[in-house]
Amino acid sequence: MSYEEKGTWSFLVVAIVTYGVYLWLVLGQLAAGTPVEQADYAIPMLWTIGGAIVLGIVARIAIEIVTPSESRRADVRDKQIDRAGEQVGNSLVVIAAIGALVLAMLQVHWFWIANAIYLGFVLSAVLASLAKLGMYRRGLPEW
């Protein structure tokens, strides 16, 4: 498994785990009866985003310690897979932005707008990672 593929696996796991922690924190408040307007979501969101960055770095280092790669340089195939996977994932960022724009136009509470954007980023990361892993296993699509 290449260095880039290992990084994609760690990115996928970190994105899912940290968003799960965020949901646990925020949904716990809502389940306890806190109204959406009073829910403390900004601090947990910032902490889980920052935690994802730190955890991603630590995970990548730990993976390399446990299973070192022959090379840390991306080859042409790695770069093509990364580009194609990011194109797939970016579609969800656009969809989330449109959704957030519609929510803002409808004057929906900013809790929902922020969470729509955050969900879009997470789904984008997950979809891009899954697309890249699929391309590592099955090859690049011939577009």
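**Figure 1. Helices α1 and α4 pack roughly antiparallel to each other.** The model is predicted: local features need pLDDT of at least 70 and side-chain atom pairs count only at pLDDT 80 or more, while totals for chains, interfaces and linings use all residues. Residues are numbered from 1 along each chain as its sequence is written, and side-chain values use heavy atoms, with hydrogens and water left out. Helix α1 spans residues 3–31, and α4 covers residues 110–138; helices (H or I, at least four residues) and strands (E, at least two) are DSSP runs, numbered from the N terminus. The axes of α1 and α4 come within 9 Å and cross at roughly 155 degrees. Axes are lines fitted to C-alpha atoms, for helices over the stretch in contact, with angles from 0 to 180 degrees between N-to-C directions. Angles under 35 degrees count as roughly parallel, over 145 as roughly antiparallel, 65 to 115 as roughly perpendicular and the rest as oblique. α1 passes α4 in a left-handed crossing (the near helix is turned anticlockwise from the far one by less than a right angle; clockwise is right-handed). The contact of α1 with α4 has 18 nonpolar, four polar and four charged residues. Ala, Val, Leu, Ile, Met, Phe, Trp, Tyr, Cys and Pro count as nonpolar, Asp, Glu, Lys and Arg as charged, and the others, Gly among them, as polar.

**Figure 2. Helices α3 and α4 cross with right-handed geometry.** By class, 20 nonpolar, six polar and five charged residues form the contact of α3 with α4. Helix α3 runs over residues 76–105, and its axis comes within 8 Å of that of α4, at a crossing angle of roughly 160 degrees. α3 and α4 are therefore roughly antiparallel to each other.

**Figure 3. Helix α2 meets α4 through residues that include Met45 and Tyr118.** The axes of α2 and α4 come within 12 Å and cross at roughly 15 degrees. That makes α2 roughly parallel to α4. The crossing of α2 with α4 is left-handed. On the α2 side, Met45, Thr48 and Ile49 meet Ala114, Asn115 and Tyr118 of α4 (contact means heavy atoms within 4.5 Å). Four nonpolar and two polar residues make up the contact of α2 with α4, with no charged ones.

**Figure 4. The largest pocket holds about 570 Å³ of space.** Of its 27 lining residues, Phe11, Val14, Ala15, Ala52 and Ala125 are the closest to the centre. On a 1 Å grid over the protein atoms alone, a pocket is an open set of points with protein on both sides within 12 Å along at least five of seven lines, a 1.4 Å probe fits but cannot get out of a cavity, and lining residues have an atom within 4 Å of a point. Grid points are joined across faces, edges and corners, and a volume is the space filled by probe spheres set on the points. Helices α1, α2 (42–66), α3 and α4 each supply at least two lining residues, and α1 gives the largest share, eight residues. The lining of the largest pocket has 14 nonpolar, seven polar and six charged residues.

**Figure 5. The second largest pocket has a volume of about 150 Å³.** Ser2, Tyr3, Ser71, Arg73 and Asp78 are the closest to its centre among the 13 residues that line this pocket. α1 and α3 each supply at least two residues of this lining. Six charged, four nonpolar and three polar residues make up the lining of the second largest pocket.
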